[in-house]
Amino acid sequence: MTSDSERTPDRSSSSANELPTPRQTPARKRRFSAIWLVPLLAIAIGLGLAIQSVMMKGPEITLSVIHAEGLEAGKTRVKYKDVDIGTVTAILLSRNMESVQVSIQMTKDASDMLVKDSRFWVVRPRIAVGGVSGLTTLLSGAYIAIDPGVSKERQREFVGLEIPPVVTRDTKGQRFVLGADSLGSLDITSPVYYRRIPVGQVVGYELRKDGSGVDVSVFINAPYDRFVSERSRFWQASGLDVSLNTEGFKINMESLASLMIRGIAFSSPPDDGTMQDAPRKEGDPPPQFVLYADSASAHRVPDTVVQPFTMVFNESVRGLTVGAPVDFRGLTIGEVASINLARANKN
């Protein structure tokens, strides 16, 4: 027979072997922290700036200059009408050590300016006859300026100008060439006067190929260029013109500034037509005039019929000079052309 102890299971041992079932709690969803917006926003801004920089980047050009005074890679800018259109990226010596090669990264908007006849120069403080220029670079530093050309031919290598151009292509006016025996005291930027008002300046000069004289280029600003006609007379305007002749003692002065800076003056007949009646075509050479030594020579009326005479004086001709007037009853009928020593006739 089975005892009661064998029939009844040991509850204490079974309860000890049974482990409690763990409770599973649902996982909590992590919320997005607002602090991650800062680096994401910085990355987005950086990508935007990088994309904008790539889209705005234009062609790279090379500018050859004599020296790199005031230029710095990564800092020096290229400007047109005070607007940044490029940055200097590198400055290296040329292979022959005679010039400096400046690499410039231009903006996309400046691509159309990079043509064959475009001109570049470094803007620095300069002192010239016409005044002082580039004073703003004393604080901001030197920069490279450009005068866009009109050619259709693209170009990526340029030679910088050592002397900045006096007149850029967007300046309205006309250029004229004046022929003279010598340059005198004229220089680039010397003023040009009309009725004692400065209306232009000297932009260049060169010796003629045969050495017979000098051709002086002047630029008359608009709208004063319309006062230049085919019968206009140009002369060198000295600071002070003093003359003593039969008409008395005369003093003529264009302006107070011309006492220190010599220039050029011109006049035109009041009833004469202007150059605008016969407009110039593109590519035509500039009109040419004679540059006289003074106002009296410029306004001397040329005679259509000239009759030479020879006068012999036995006494001294001290004080008589070439160009002295010949008077007849108060009227000037001629002038002294030459004074020579004649041999006495023994007959």
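Colleague: Is K81 buried or exposed?

Modeller: This is a predicted model, and in it K81 is exposed, with a relative accessible area of 59%.

Colleague: What does the K81 side chain meet in a salt bridge?

Modeller: The side chain of D170, at 3.9 Å from N to O. That pair links distant parts of the chain, 89 residues apart. K81 is in the loop between β2 (77-80) and β3 (83-93), while D170 is in the loop between β9 (157-159) and β10 (173-180).

Colleague: And how accessible is D170?

Modeller: D170 has 44% relative accessibility, so it counts as partly exposed.

Colleague: How many salt bridges does the structure hold?

Modeller: Seven. One of them is between the side chains of D112 and R154, at 3.3 Å from N to O.

Colleague: What about E153, which residue does it form a salt bridge with?

Modeller: K116, with the closest N and O atoms 3.9 Å apart. E153 lies in the loop between β8 and β9 and K116 in the loop between β4 and β5, so they tie together parts that are 37 residues apart in sequence. Both count as partly exposed: E153 has 45% relative accessibility and K116 has 48%.

Colleague: Which residues are joined into a network by salt bridges that share partners?

Modeller: R119, D147 and R169 form one such network.

Colleague: Changing topic to the backbone. Where is there a cis peptide bond?

Modeller: Between A222 and P223, with omega at about 5°. P223 is in the loop between β13 (214-221) and β14 (233-237).

Colleague: And what is the phi of R195?

Modeller: About 55°, which is positive although R195 is not a glycine. R196 also has a positive phi, near 65°, and is a residue other than glycine.

Colleague: Where is R195 found?

Modeller: In the loop between β11 (191-194) and β12 (197-207). R196 is found in the loop between β11 and β12 as well.

Colleague: Is R195 buried or exposed?

Modeller: R195 is exposed, with a relative accessible area of 62%.

Note on methods. Residues are numbered from 1 along each chain as its sequence is written. This is a predicted model: local features need pLDDT of at least 70, side-chain atom pairs count only at pLDDT 80 or more; totals for chains, interfaces and linings use all residues. Side-chain values use heavy atoms; hydrogens and water are left out. A salt bridge is a side-chain nitrogen of Lys or Arg within 4 Å of a carboxyl oxygen of Asp or Glu. Helices (H or I, at least four residues) and strands (E, at least two) are DSSP runs, numbered from the N terminus. Buried means under 20% relative accessible area, exposed over 50%, partly exposed in between (1.4 Å probe, protein chains only).
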